[in-house]
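Good morning, and thank you for coming.

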Amino acid sequence: MVVSSAYRLVKKQSTEMEYPRPQFKRGYWYDLNGEWEFTFDDRDIGEQNGWPNSPEKLSQNIQVPYAYQSKMSGIHLNENHEIVWYKRNFYWDKPMEKDLLLHFEAVDYYTKVWVNGQFIGEHTGGHTPFSFSIGSAVQHGDNSIVIRVEDRNSVEQPIGKQSWKSSNFLCWYTRTTGIWQPVWLEEVSPLHIKHVKMTPNIEQSTLQLETWLPHHQSEAYVEAHVYFQGEWINTVGAAVKKDQTRVEMTVDVESDQADFRVFYWSPDSPQLYDISFVLRGEDEVMDEVDSYFGMRSIEVTDDKILLNRETFYQKLILDQGYYKDALMTADYEQMKNDLTKVKDMGFNGVRRHQTIADRRYIYLCDQLGLVMWAEMPSIFRFTDQSMNAMLQESREMVHKHINHPSVIVYTLMNESWGVNEIYHRKDQQSFINALYYQTKALDSSRLIVGNDGWEHTLTDILTIHDYNSNAEQLARSYENKEKYVNGSPSKTSRKQNYARGYRYGGEPIIMSEFGGIAFAPDLNQNDWGYGSRPQTKEDALIRFEKLMKAIMDTDSIQGFCYTQLSDVEQEVNGLLNHDHEEKFDTSQICKVLSAKKSDGFIFE
């Protein structure tokens, strides 16, 4: 008798804690996280030697979804291996007329996938989700998935904060290679809902829906049912013709139970509607998906940012998304604990810096009421190849975030990284503008920062980075708006706010990086941070309060992003330490931040 060595797939109930895509949720799923076979392929011989078809085991084991450089992976080697392989066997009770979708939330960087030796597909990009239909390749019984990942950590690919040198330096950290976000399977009908785009319109009290389906040869009917806290609001539906792959619908979400026609989403009141999508065939339900949305708007009027037509002062904190022993990979509870602390400290949003967050993180921002700036990880050399990589992956970044009400800003580049000569080079300026226009075409409902921090070209917000640790000097730099907007006010960067040929056009001004107070009880000479080192916790809190007051008392500045949430490897600027525990009394941080109100209209 032959005993199968494959893991038997077990359907899991779709809970927010584990389910990798809580805003597009089907009833059950298969979790592929856990132990996989793994090996390095430094000589790049795997494909020519037939590894995708080989029954032989790979030489090591790894805990997915942790990168091999992390301790949580079980390997914990901070060495450069540019090609890695994964293998996992599974046993599937294949239903009749069902397809199976293989989902990857993020794999760094170039991925090729085989199922039962059959090549399934490939994906380029280290931070965005992708999926393959594998129904034609799987069989009833034992199956295998084999994955090859190539990550050159090249400065021509978006790598964000991963060090491209032989070791960490300044604010660049340990590399991430391979799978670093969840892998999972989903059983669907061949005719199913692939994707939905939801665009709120608070002026009309409506939600615009666009639904995508695979190519098909049968007629169908798609419905959307809207609820708020269990109360039915409305239902819309549309017939689907043969070969029709896109369906548009508009649903009225007005309710007499709302104070002002609709239930608005905001940090003070993160009200969310539930919506379910049903796809029907001739005599059966083909697919059901549960989702949610928020009714909110974000816009610029004069030099102010308006959330739901009210002035909105942003109090953000920079979150780089690194975790001790796990690099950029976190579980649900770690993400929830971090974001709950952000809220408790009195911040009303996060700037997710130089990495693209797990979808559960964005879901938590939606639920808790934290606005979010989504940011594209940077390249570090300007070439045709790097431009193509940025254009492609930034499109996928927008696709990932587009339905989340918490996301109000896309940041496309940071501090001229990869476009170092943008101040005077027209080609680099044109590239930033191309990213800006592409993003506007994909999603016109959000604000966009083209090049965050300095040397702006096209941008919806003038963002400034200034790590001056002297609060009095910091305040003086921003006393005269007419003088500083077209100048170089930052004493630390000394960069011009706008690239040559561009000038201030009335954009809202956000201090999108400042602070960075380097404090830890056991600071050593290898720890890195901004400015002089305070010697005690009390000294650090006094500086924090003075720097905050300098920015919050500057009327021309409409918000800030403080650096940063937690310590990261050699960088010790966090309000939390490496274990994501509080360095300071949360109530003291909250007291400082509460001196500035965030919203426009308040009922007394």
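In which strand is the place of D274? D274 belongs to strand β20, residues 273-280; helices (H or I, at least four residues) and strands (E, at least two) are DSSP runs, numbered from the N terminus. Before I continue, please note that this is a predicted model, in which local features need pLDDT of at least 70, side-chain atom pairs count only at pLDDT 80 or more, and totals for chains, interfaces and linings use all residues. Residues are numbered from 1 along each chain as its sequence is written, and side-chain values use heavy atoms, with hydrogens and water left out.

To return to D274, this residue is partly exposed, at a relative accessible area of 39%. On this scale, buried means under 20% relative accessible area, exposed over 50%, and partly exposed in between, with a 1.4 Å probe and protein chains only. Leaving aside neighbours within four places in sequence, D274 is in contact (heavy atoms within 4.5 Å) with H225, V226, Y227, S291, Y292 and F293. From D274 to L412 there are 138 residues in sequence and, C-alpha to C-alpha, 30 Å in space.

I turn now to the helices. A pair of packed helices is described by the angle between their axes and the distance between the axes. Helix α1 (residues 332-344) and helix α2 (residues 359-368) have axes that come within 10 Å and cross at roughly 35°. Here axes are lines fitted to C-alpha atoms, for helices over the stretch in contact, and angles run from 0 to 180 degrees between N-to-C directions. The crossing of α1 and α2 is right-handed; a crossing is left-handed if the near helix is turned anticlockwise from the far one by less than a right angle, and right-handed if clockwise. On the α1 side, the residues that meet α2 are Y332, M335, K336, L339, T340 and K343. Their partners in α2 are R360, Y361, Y363, L364, C365 and L368. By class, this contact has eight nonpolar, one polar and three charged residues. Ala, Val, Leu, Ile, Met, Phe, Trp, Tyr, Cys and Pro count as nonpolar, Asp, Glu, Lys and Arg as charged, and the others, Gly among them, as polar.

How many disulfides does the structure hold? The count is zero, a disulfide being a pair of cysteine sulfur atoms within 2.5 Å. C365 is in no disulfide, and the nearest cysteine sulfur, that of C561, is 12 Å away. C365 is also buried, at 0% relative accessibility. For C171, the closest cysteine sulfur is likewise in C561, at 14 Å, and is therefore too far for a bond. C171 is buried too, with a relative accessible area of 8%.

Next, consider Q428 in helix α4, residues 426-442. Is Q428 buried or exposed? Q428 counts as buried, since its relative accessibility is 0%. Its contacts beyond four places in sequence are F382, V419, N420, E421 and I422.

Finally, some features of the backbone. The peptide bond from V64 to P65 is cis, with omega near 15°, and P65 lies in the loop between β5 (60-64) and β6 (83-92). Another cis peptide bond joins D108 and Y109, with omega about 20°. L170, a residue other than glycine, has a positive phi near 45°.
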